[in-house]
Amino acid sequence: MQHFIATFKLTCMLLLILGANTYAADTILNFPTTADGFIQHLTPKASNSRQAKGLDKPKKGIAVIEEDQPKVGALILFDFDSANIKTESYALLNEFAKALKTGLKQAKFEIIGHTDNVGTEPYNLGLSIQRAKAVKDFLVKGLDIETERLEITGYGETKPIDSNATEVGRAQNRRVEFMRLN
């Protein structure tokens with residue numbers, strides 16, 4: 001697992017350096033592995049927006065930059081063709097729960113499931129929703145996170161962050177994301 005995470009981070013850095021945004025992701029997605037990492041990446045940053053004073057629209061040449069909701073990825077491993085979470089992922093989910101109980105106590109999140117492109121689009125959409133639900137159930141039933149703090153969504157294969165032409169790329173596309181909603 002550690003080797004896989006290191007390989008994934010290296011791939012993301014290379015894409016950033018080369019400017020290769022050929023996949024759906026507009027920015028590099030962080031994949032923290034500790035509670036502190038989740039807190040750091042899921043705490044909203046100060047806005048970088050700049051408005052021209054006294055004008056309804058930004059003055060020409062002044063960019064308005066809006067921060068998206070903070071979002072991170074998690075390489076949650078599942079049994080093949082299943083929504084059963086592998087035991088190797090329990091430690092990572094425990095770290096996320098620890099973050100939810102400490103530095104992110106008031107935050108609400110959307111758990112977003114993704115798949116690679118193996119299988120039909122409708123099947124992958126259903127599988128991504130089942131996997132997001134499995135993560136929510138694990139956090140709620142196993143780690144005492146309040147159910148009303150978590151929503152689920154599935155995108156199936158529609159938002160890859162790497163190429164589906166290789167096993168490494170497909171593995172990176174099979175992920176769960178946590179997006180802060182408040």
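In this predicted model, D137 pairs with K133 in a salt bridge whose closest N and O atoms are 2.8 Å apart. Both residues sit in helix 4, and because they are 4 residues apart there, about one helical turn separates them. D137 is partly exposed, with a relative accessible area of 24%, and K133 is also partly exposed, at 41%.

The count of salt bridges comes to 8. Here are some of them:

| Salt bridge | Closest N and O atoms |
|---|---|
| R174 and D116 | 2.5 Å |
| D137 and K133 | 2.8 Å |
| E177 and R175 | 2.9 Å |

Let's look at R174 and D116, which form a salt bridge. R174 lies in the loop between helix 5 and strand 4, while D116 lies in the loop between strand 2 and helix 4, so the pair ties together parts that are 58 residues apart in sequence. R174 counts as partly exposed at 29% relative accessibility, whereas D116 counts as buried at 7%.

For E177 and R175, which also form a salt bridge, both partners are buried: E177 has 5% relative accessibility and R175 has 3%. Elsewhere, salt bridges with shared partners join D116, E167, R170 and R174 into one network.

D116 and R174 turn up again in the second largest pocket, where they are among the residues nearest its centre, along with F80, D81 and R131. This pocket has a volume of about 450 Å³ and a lining of 26 residues. The lining divides into 11 nonpolar, 5 polar and 10 charged residues. Its largest share, 4 residues, comes from helix 4.

How values were computed: Residues are numbered from 1 along each chain as its sequence is written. This is a predicted model: local features need pLDDT of at least 70, side-chain atom pairs count only at pLDDT 80 or more; totals for chains, interfaces and linings use all residues. Side-chain values use heavy atoms; hydrogens and water are left out. On a 1 Å grid over the protein atoms alone, a cavity is a set of points where a 1.4 Å probe fits but cannot get out, and a pocket is an open set with protein on both sides within 12 Å along at least five of seven lines; lining residues have an atom within 4 Å of a point. Grid points are joined across faces, edges and corners, and a volume is the space filled by probe spheres set on the points. Helices (H or I, at least four residues) and strands (E, at least two) are DSSP runs, numbered from the N terminus. Ala, Val, Leu, Ile, Met, Phe, Trp, Tyr, Cys and Pro count as nonpolar, Asp, Glu, Lys and Arg as charged, and the others, Gly among them, as polar. A salt bridge is a side-chain nitrogen of Lys or Arg within 4 Å of a carboxyl oxygen of Asp or Glu. Buried means under 20% relative accessible area, exposed over 50%, partly exposed in between (1.4 Å probe, protein chains only).
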